[in-house]
Amino acid sequence: MPATQALNSLEAVNEIRNNNDGQVVLVLQGGGALGAFQGGVYQALHEAGVEPDWLIGTSIGAINASIIAGNRVEDRLAKLQEFWRLVESSSLWGAFPAWTGVADALSSWTTLTRGIPGFFETNPRAFLGSQVPLGADHAGYYSTEPLRKTLEKLVDFSLINQDHPRLTVGAAHVRTSMMHYFDSKEMDLSPSHVMASGALPPAFPAVRIDGELYWDGGILSNTPTERIFDDHPRRNSLIFAVHLWNPTGDEPQTIWEILNRAKDIQYSSRIASHIVRQREAHKLRHVITKLLEFVPEEEKQDPLLQELAQYHCDTRMHVVRLLAPRLDRESHTKDIDFSPAGIRTRWEAGYEETKRALARQAWLGEFGLLDGVILHEPTPDADPASDIQPGDPLAAPVPPPYKLAAE
């Protein structure tokens, strides 16, 4: 139930911060070129005076998060914009009409064959054959050494290691397939930690940290909200979870559509299960908190009861989901569409979506006593992916206002 009191965006956000040491968390998903949407999200937050207390990211989300955390407030947006200008692919294909899709295809082909300036470049030996020995530290079709130089230029890691805002990046441990979070609260971070979070195989080689190899965290958890729920001590949180891949979609009719839908499922499928699991777990923590109120004081000294009481928690997590829209003629190559038109369109979409979320202020109001995790969808009538069951109809989609702009 939205509050009726008129508050500006920052005041509304600070209602959470002022509630028992609350925090604002920005969670950024992986998705390559789709990450331009996150740039627009941050611009809207920044213009509203809302700066995150904690940033969590995987892959391109880790890169964006590190640029935000690794600069002074007044420099963050400019540095983020500089990064996305740097990785724009050639606009030579703008001569083709946008509706043909030719410009998008040629832009993607350029990315595959040449790489992206300031991000990655081809590793010629990898193209000699899949059995050519490359060494564990160089086994990938591309080298991300250009990204290291970009991070060293745009990110002040000494600021990150002051731990405000806090930065966490997720990576997959190659030998054990376990998710590992590199956290500025626990250790000093460097460009290697960010690069490890974005080392998507087989395109990019694993990154070695303290003798161990790590791959892109997105292959295990592309939206690492669980890090917030597993944090100790937990805090009341307003979580802006930026999702780049659509968890719901129409049945595909062609092979091209199948490739696109399968990729969406691959990188978004964990979102629904995570929300359901965390909602139920946190509800049980609230139940324990309430039940403890009925236990006589003398009984609370029982060692077993004291052990059980450790599982109580009365914090509340508001998850504001910001979902990147589908663009016209979108395909499975969308995550390598670094064309100026693609970047600009997605950036603008992120900006507008976040402004709407800030205006709604859905996290204000009265909620149920046991509501520990509250999911706020982009629009009031949106389909929560966590609630949809097989056979349920999807809500009729709003006609997408976002068309890929011609160059």
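Student: Which residues make up the nonpolar patch on the surface?
Tutor: In this predicted model, the patch is formed by Ile255, Trp256, Ile258 and Leu259. Together they have about 420 Å² of accessible area.

Student: And where is Ile255 found?
Tutor: Ile255 sits in helix α10, which covers residues 255-292.

Student: Is Ile255 buried or exposed?
Tutor: Exposed: its relative accessible area is 62%, and the cut-off for exposed is over 50%.

Student: OK, new topic. How many residues of strand β5 are buried?
Tutor: 8 of the 8, in residues 166-173, so β5 is largely enclosed by the rest of the structure.

Student: In which sense does β5 pair with strand β2, parallel or antiparallel?
Tutor: Parallel, over 4 bridges, with β2 being residues 54-57. Leu55 has Leu167 in β5 as its bridge partner.

Student: What about β5 and β6, how many bridges there?
Tutor: 5 bridges, and those two run antiparallel, with β6 at residues 179-183. Ala172 has Met179 in β6 as its bridge partner.

Student: Which residue in the hairpin of β5 and β6 takes a positive phi?
Tutor: Ser177, with phi near 60 degrees. The hairpin has 5 residues between the strands.

Student: Back to Ala172. Which residue stands opposite Ala172 in β8?
Tutor: That's Trp215. Strand β8 is residues 212-216, and β5 pairs with β8 in the antiparallel sense over 3 bridges.

Student: Where do side chains point in a regular strand?
Tutor: As a general rule, they alternate between the two faces of the sheet.

Conventions. Residues are numbered from 1 along each chain as its sequence is written. This is a predicted model: local features need pLDDT of at least 70, side-chain atom pairs count only at pLDDT 80 or more; totals for chains, interfaces and linings use all residues. Side-chain values use heavy atoms; hydrogens and water are left out. Buried means under 20% relative accessible area, exposed over 50%, partly exposed in between (1.4 Å probe, protein chains only). Two strands pair if DSSP finds at least two bridges between them. Patches are made of residues with over 30% relative accessible area and no salt bridge: like charges are joined within 9 Å, nonpolar side chains (Val, Leu, Ile, Met, Phe, Trp, Tyr) within 5 Å. Accessible areas come from the Shrake-Rupley method with a 1.4 Å probe; for residues, only the protein chains shown count as cover. A salt bridge is a side-chain nitrogen of Lys or Arg within 4 Å of a carboxyl oxygen of Asp or Glu.
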